[in-house]
Amino acid sequence: MQVLPALQTSRLLLQPLSLADVDAIQQRFPHWEVVRYLNDRVPWPYPEDGALSFLRDVALPAMARGEEWHWT
């Protein structure tokens, strides 16, 4: 498993995505004003377990395989 670094500038800190981010993501994504600008991979209406399902089943496994990189 590849460990992603945190990325930091004087105004921004990006941490590698983790399961600890589920609640924050879930709070923001069930809003059409957020989701409407994203690709069709993001379901609408956004499901109650959408963030958990995406992180657990898609993003984190792809990160572990070194195929995708996600920060929050």
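Visitor: How many aromatic pairs does the count come to?
Guide: Keep in mind that this is a predicted model. Rings pair up here if their centres lie within 6.5 Å. By this rule, the number of aromatic pairs is 2.

Visitor: Are the rings of Phe29 and Tyr46 stacked, edge-to-face or tilted?
Guide: Planes under 30 degrees apart count as stacked and those over 60 as edge-to-face, with the rest in the tilted group. The ring centres of Phe29 and Tyr46 are 5.3 Å apart and the planes sit at 45°, so this pair is tilted.

Visitor: How many residues apart in sequence are the parts that Phe29 and Tyr46 tie together?
Guide: Phe29 is in the loop between α1 and α2. Tyr46 belongs to the loop between α2 and α3, so the pair links parts whose separation in sequence is 17 residues.

Visitor: Which side chain of opposite charge is nearest to Asp21, and how far away is it?
Guide: Asp21 is buried yet has no salt bridge. A salt bridge would need the charged atoms within 4 Å. The nearest side chain of opposite charge is Arg28, at 9.0 Å.

Visitor: Which backbone nitrogen does the side chain of Asp21 reach?
Guide: Asp21 sits in the loop between β2 and α1. From there its side chain reaches, at 2.8 Å, the backbone nitrogen of Ser18.

Notes: Residues numbered from 1 in each chain as written. Predicted model: local features only at pLDDT ≥ 70, side-chain atom pairs only at ≥ 80, totals over all residues. Heavy atoms only, no water. Helix = DSSP H or I, 4+ residues; strand = E, 2+ residues; numbered from the N terminus. Buried < 20%, exposed > 50% of the residue type's maximum accessible area, 1.4 Å probe, protein only. Lys, Arg positive; Asp, Glu negative; His and termini not counted. Polar contact = N/O pair within 3.5 Å; in protein donor to acceptor, adjacent residues only side chain to side chain. Phe/Tyr/Trp six-rings, centres within 6.5 Å; stacked < 30°, edge-to-face > 60°.
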